[in-house]
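Dear colleague,

I am handing over the structure below, and I would be grateful if you could look through it alongside the notes that follow.

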Amino acid sequence: MKVSFTIAFTGFVLLLSLSQAYGDTLYVSTGNLNTIYKIDSSGNESVFATASSGLNDPSGLAVGSSGNLYVSNEGNDTIEEFGANGVGTVFANTALALPSSLAFDSSGNLYVANAGNNTIEEFNSSRTGSVFASAASGLSNPGGLAFDSTGNLYVANYNNTILKFNTNGVASAFASSGLKNPAGLAFDASGDLYVANYGNNTIYKFDPSGDGSFFAGTHTALTNSGVSFPIGLAFDSSGNLYVANHGDGSVEEENSSGIGSVFASGLGNAAYLAIDDIPEPSSFLLLGLGAMTLCLFRKPHRA
């Protein structure tokens, strides 16, 4: 019985570890090519949605808590919501003007950067929208959005500034040095903010105090990364940084030292990125099977 229990327990531990595996599906928008690509963790590409699904110059992307993909359509000023089957429905179509980057807060509210009227719109789960911030707060052609772990919203302005908004919508200057037409934003697990500089083919890294440093891309003394007019940024569950290169239609994977390699290519006008790191349904099945195995081979309790 001890042998059976040991085998069962070992199997359970293995299955439990497998159950923590994440899908890490990467989505890439392509602007006026009206296509969203889906790329698995091995770099295999497939078409997820096209113009026939409701796309019109897709830009910003964000994955909701249910795993649905939200897409900003710059071409018709709408936000589309896509299920796993790639079928889209209109999520919002009011108060939007050239919507670009998207981001969810911890409560499930969706924030939209309106480049066309210098506002940030907030939509609740009932699809009701309201103005979170306006040009009076310092917004100027806002693009990339990202929330930190305490709920502050960071916004990349195309005029080479990054603003920080607290939960009440009050803005403060976060960074301006080292920026050249900043686009996508992404936080790593330690709280550092990464910025895609569209204007000079670099990725910059800012600590929580706003101090910045070169991370990857074109540099006077270092050209160790294939960054080409970067827009979208996203971290996977393992801490790898992905960069959407608008210039050559590729996605670059950067390690912690800023050394890059091509993860995917042939993506046309690659723009924004989103990663779905929700556990695969099969993982929950494995967890259940592991628990059943342990129960079946557990040594009976004797009174």
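**What was found**

Among contacts in the protein (contact meaning heavy atoms within 4.5 Å) between residues at least 6 apart in sequence, 43% join residues at least 24 apart. This is a predicted model, in which local features need pLDDT of at least 70 and side-chain atom pairs count only at pLDDT 80 or more, whereas totals for chains, interfaces and linings use all residues. Residues are numbered from 1 along each chain as its sequence is written, and side-chain values use heavy atoms, with hydrogens and water left out.

The secondary structure comes to two helices and 24 strands, taken as DSSP runs numbered from the N terminus, with helices being H or I of at least four residues and strands E of at least two. Of the 303 residues in the protein, 48% are buried, where buried means under 20% relative accessible area, exposed over 50% and partly exposed in between, with a 1.4 Å probe and protein chains only.

Leaving aside neighbours within four places in sequence, Leu-267 is in contact with residues including Val-28, Tyr-37, Ile-39 and Val-251.

Leu-233, in strand 20 (residues 230-235), counts as buried at 6% relative accessibility. Not counting residues up to four places away in sequence, Leu-233 touches, among others, Leu-185, Val-195, Ile-203, Val-243 and Leu-273. Its C-alpha lies 9.7 Å from that of Ile-275, although Leu-233 and Ile-275 are 42 residues apart in sequence.

Ser-101 sits in strand 8 (residues 99-104) and is also buried, with a relative accessible area of 4%. Its side chain reaches the backbone nitrogen of Leu-145 at 3.1 Å, and the residues in contact with Ser-101, leaving aside neighbours within four places in sequence, include Gly-60, Tyr-111, Gly-143 and Tyr-272.

The second largest pocket holds about 470 Å³ of space. On a 1 Å grid over the protein atoms alone, a pocket is an open set of points where a 1.4 Å probe fits, with protein on both sides within 12 Å along at least five of seven lines, and lining residues have an atom within 4 Å of a point; points are joined across faces, edges and corners, and the volume is the space filled by probe spheres set on them. Of the 23 residues that line this pocket, the closest to its centre are Ser-59, Glu-74, Ser-100, Ile-231 and Tyr-272.

Some loop residues also deserve a mention. Thr-150, in the loop between strand 12 and strand 13 (153-157), is exposed, with a relative accessible area of 57%, and its side chain makes a polar contact with the side chain of Asn-152 at 3.0 Å; such a contact is a pair of N or O atoms within 3.5 Å, where within protein one must be able to donate a hydrogen and the other to accept it, and residues adjacent in sequence count only if both atoms are side-chain atoms. Most residues other than glycine have a negative phi. Phi of Asn-141, however, is near 55 degrees, and Phe-229 has a positive phi of about 50 degrees.
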